[in-house]
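Let's take a walk through this protein, one kind of contact at a time. Keep the picture open while you read.

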Amino acid sequence: PSAKVTTQFGNFPAETLTVPPSLTVLSPNGGEEWQTDSTHRITWESVNTINPISVYLADVVTADTGSGPLYNIAIDLPPSTNFYDWIVPSDIPAGQYKVIVQSYVLGKYSFADKSDAPFQIVAPSITVISPNGGEQWIKGTTKEIVWLSPSLNGSNVQIQLWNSTKTQYWLICSACPTGNSGSHFWNIPTSFSAGSVVFQESGDYTIRIVSMNNISVLDDSDA
């Protein structure tokens with residue numbers, strides 16, 4: 001016997017189908033944290049889907065009420081597709097979202113599924129904790145450089161020592177591992193020189209920490 005499949009999103013007429021198709025979002029399905037400018041796989045299960053599939057991002061209110069803006073992730077994928085690797089755009093505001101997967105017949109959305117619960121989109125950031133201005137570090141000693149890096153998801157960072165005029169830097173660590181926070185014990189050399197780069201023996205410096213995945217994500221010590 002035939003069955004009617006009613007859309008779960010929007011006020012579209014249902015199609016009468018002999019074998020009703022279905023879509024089920026598998027990931028993200030609630031609780032995940034995805035960082036902008038990183039790639040994540042959206043996955044779903046489809047049953048008897050013979051029409052193109054489209055994938056959207058919606059904030060929680062839009063996803064749950066069917067009223068509000070949608071972000072296009074992928075439009076008109078082949079019906080046999082069950083995943084899409086999405087690079088989260090940097091201009092997506094941080095917040096809670098759901099993914100909506102839809103298929104349509106004759107241009108009318110006939111069935112859909114969405115994430116069961118919200119997932120989080122976050123923007124990566126780095127904050128230098130120490131040194132952050134006013135410290136006096138002596139050559140030949142060991143000091144700890146400390147930073148916070150929420151949502152870097154394990155990305156390595158580079159630590160640089162900049163001179164007071166911000167015209168030259170000394171590379172302290174080329175690829176330091178980090179999580180939500182990090183630290184690096186630096187054996188301060190007795191002289192600063194690297195090829196043609198020669199630093200003054202004493203004076204004012206700042207620490208810069210840069211994400212290796214996205215060099216626009218960085219922070220300098222305040223002073």
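## Rings that meet

Trp34, Trp86 and Phe119 are linked into a cluster by ring pairs. A ring pair here means Phe, Tyr or Trp rings (for Trp, the six-membered ring) with centres within 6.5 Å; planes under 30 degrees apart are stacked, over 60 edge-to-face, and the rest tilted. Before going on, note that this is a predicted model, where local features need pLDDT of at least 70 and side-chain atom pairs count only at pLDDT 80 or more, while totals for chains, interfaces and linings use all residues. Residues are numbered from 1 along each chain as its sequence is written, and side-chain values use heavy atoms, with hydrogens and water left out.

The structure holds 5 aromatic pairs. In one of them, the rings of tyrosine 71 and tyrosine 97 have centres 6.4 Å apart and planes at 75°, so this pair is edge-to-face. Tyrosine 71 is in strand S7 (residues 71-77) and tyrosine 97 in strand S9, so the pair ties together parts 26 residues apart in sequence. Strands are DSSP runs of E with at least two residues, helices are runs of H or I with at least four, and both are numbered from the N terminus. Is tyrosine 97 buried or exposed? At 5% relative accessibility, tyrosine 97 counts as buried, whereas tyrosine 71 is partly exposed at 32%. (Buried means under 20% relative accessible area, exposed over 50%, and partly exposed in between, using a 1.4 Å probe and protein chains only.)

Then there's tryptophan 137 with tryptophan 186: their ring centres are 6.4 Å apart and the planes sit at 50°, so the pair is tilted. Tryptophan 137 lies in the loop between S12 and S13 and tryptophan 186 in strand S16, so parts 49 residues apart in sequence get tied together.

## Opposite charges

How many salt bridges does a search of the whole structure find? It finds 5. A salt bridge is a side-chain nitrogen of Lys or Arg within 4 Å of a carboxyl oxygen of Asp or Glu.

Take aspartate 85 and arginine 41, whose closest N and O atoms are 2.7 Å apart. This pair links distant parts of the chain, with aspartate 85 in strand S8 (residues 83-87) and arginine 41 in strand S5 (residues 39-47), 44 residues apart.

Arginine 208 shows up in both kinds of contact. Its side chain meets aspartate 220 in a salt bridge (2.6 Å, N to O), and arginine 208 also lies over the face of tryptophan 162, at 4.8 Å from the ring centre. Arginine 208 and aspartate 220 are both buried.

## Two open sheets

Now for the strands. S3, S5 and S8 form an open sheet in the order S3-S5-S8, with antiparallel pairing. Two strands pair if DSSP finds at least two bridges between them. S3 (22-27) and S8 stand at the edges with a single partner strand each, so one side of each has no neighbour in the sheet. S3 and S5 pair over 5 bridges, and threonine 24 stands opposite glutamate 45 in S5.

Another open sheet runs in the order S12-S13-S16, again antiparallel. Its edge strands are S12 (127-130) and S16 (181-187). Threonine 127 stands opposite leucine 148 in S13.

How values were computed. A charge sits over a ring if NZ of Lys or CZ of Arg is within 6 Å of the ring centre and within 35 degrees of the ring normal.
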